[in-house]
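Please examine the sequence and structure below before reading on.

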Amino acid sequence: MAQKPSIPKGTRDFSPSEVIKRNYIFDIVKKHFQTFGFQPIETPSFENSDTLMGKYGDEGDRLIFKILNSGDFISKVDDVTYSSKNSSSLTPKISEKALRYDLTVPFARYVVQHQNEIDFPFKRYQIQPVWRADRPQKGRFREFYQCDADVVGSDSLLQEVELVQLYDAVFTSLKLEGVNIKLNNRKILAGIAEVIGAGNNLINFTVALDKLDKIGEEGVKKEMLAKGISETAIEKASPLFYLNGSNTEQLDKLQYLLSSSEVGTKGVEELRFILEFIEEVGLQSAKLSIDVTLARGLNYYTGAIFEVSAPEGVQMGSIGGGGRYDDLTGIFGLKNVSGVGISFGLDRIYLVLEELGLFPKTIEQSLDVLCVNFGEQEALEALRLTTQLRSAGVRADIYPSDAKMQKQMKFANSRNVPYVILLGAQELKDKTFVVKNMSNGEQETYNFDAIDDFIAKL
RNA sequence: GUGGUUGUAGCUCAGCUGGUUAGAGCGCUGGUUUGUGGUACCAGAAGUCGCCGGUUCGAACCCGGUCUUCCACCCCA
């Protein structure tokens, strides 16, 4: 054999059974997106570099896959730039396009570009792959799917409430019980920073706070100190580390803590609204909890922040996230359009469902009936049968050669076919066929003209 | 991007301080059983030991490089 071919780092092939299981998730997500009134759009796999660069921070820029220009691109670079060997000045000259990094920024671009055709508020969903030049790990790939649902053109908190319901609806349908929807608000984080006197260091403050569950209180304090947050400020923030109790209790404590901050108070009010509405309508299987340490996410979030973590006991990063961004389209020149959205991480949800054994057994049945092939004459009759079954919508197939019965049965078995039809010389003579139920081994004989009776039993 | 880790049959993995023809289980193929799979028994096929180079009389094993896997940072779905 020649040297084995391979695929790039962080990418995967999907086998039939994997594709079926992935589609199972896609279908459920899509179904709920639609029942919540979201409309589908798609955008190109690659965008102009200007559209993407600078939208995700320095770290993000590094992770964007750039596409080389076509043609003899290097000859068009001036000598100074070329010999400087400086990537950041050379890259824009040889690459004008880049692969989509997420679905939110292309969506913002879409909204701005099509603003005159869109009826606001616009609820759109989008299920497409994105690419990141990240170092792969478990549940972390260079090509993966995002399933996004966003609403633009409405600043009503009702949207946040509905998005929480949407998360709950999808995970309930997937039988993935006990997921934790964590909720925070950027305004609360800003309020805290303001109250403790670290308002000008908000990003460093929140990034450090986000690590609380990972590196503990001491670790967080150490990092804050290293990032230039004063000791007195950290001292003032200490109550955050001991924020516990029910959601309402936490809110009350926050309200007290943030009473001197206008923005902080606003954040508490917003959270309270969402929690109260959700309490009224109830959730089916998900948990909703306040988590002030939740700071994940891009710097464009301005209001609510969501993150969904897998049920306890499953080692997996977040399986979904989202939030409100008051000014997302602003970066493309359209002011005062507020948006809020959530995302489902298909690939990670897949890993979680697989680990917990939550994929339904039946989805791997890609065939309802297989006819055993006993030779030319018998096969002709079996083909007639198969044709009738197919036109009745039954997924039926006939084994292509009259291989040994054992082999054909084994094939049916490994394909998870629930029924096998036997139509040999004897049956041909009697104008009958035998149906074998592969799960219990029972066999039943039908006349040719009684095929509908068999179909009815499927 | 930083530090570490992994790669041996289709799959999961053994393989001693370097020493003849590199092993197991599962799977696969054939048979026991020419009209019965999922169980059992028997037999068989299948590996330039990730790739390139070096050290050595001799390398799956030691050294360097490279790709890949996973892990911790970073960041994130």
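A polar contact is a pair of N or O atoms within 3.5 Å. The model discussed here is predicted, and the distances that follow are computed from it. In the side chain of Lys-211, an N or O atom is 2.7 Å from a phosphate oxygen of RNA strand B.

Bases of the RNA are also approached. A base oxygen of RNA strand B lies 2.5 Å from a polar side-chain atom of Arg-140. For Gln-426, a polar atom of the backbone is 3.4 Å from a base oxygen of RNA strand B.

At least two residues each are supplied by α3 (57-63), β6 (143-152), α16 (405-414) and α17 (425-430). The largest share, five residues, comes from α16.

Strands of a sheet pair through backbone hydrogen bonds, either parallel or antiparallel. In this model, an open sheet of three strands has the order β2-β4-β3, with antiparallel pairing. Its edge strands, β2 (46-48) and β3 (66-67), each pair on one side only.

The pairing of β3 with strand β4 (residues 97-99) is antiparallel and extends over two bridges. Within β4, Ala-98 is the bridge partner of Lys-66.

## A pair of helices

Helix α8 (residues 186-196) and helix α13 (residues 262-281) have axes that come within 7 Å and cross at roughly 150°. Angles over 145 degrees count as roughly antiparallel, so α8 is roughly antiparallel to α13. The crossing of α8 and α13 is left-handed.

## Two backbone features in loops

Which kind of peptide bond joins Phe-120 and Pro-121? The bond is cis, with an omega of about -5°. Pro-121 is located in the loop between α6 (104-113) and β5 (122-131).

Another loop, between β10 (320-325) and β11 (339-345), contains Asn-336. Although Asn-336 is not a glycine, its phi is positive, at about 60°.

Note on methods. Residues numbered from 1 in each chain as written. Chains lettered and ligands numbered in written order. Predicted model: local features only at pLDDT ≥ 70, side-chain atom pairs only at ≥ 80, totals over all residues. Heavy atoms only, no water. Polar contact = N/O pair within 3.5 Å; in protein donor to acceptor, adjacent residues only side chain to side chain. Helix = DSSP H or I, 4+ residues; strand = E, 2+ residues; numbered from the N terminus. Pairing = 2+ DSSP bridges. Axes fitted to C-alpha atoms, helices over the stretch in contact; angles between N-to-C directions. Parallel < 35°, antiparallel > 145°, perpendicular 65-115°, else oblique. Left-handed = near helix turned anticlockwise from the far one by under 90°.
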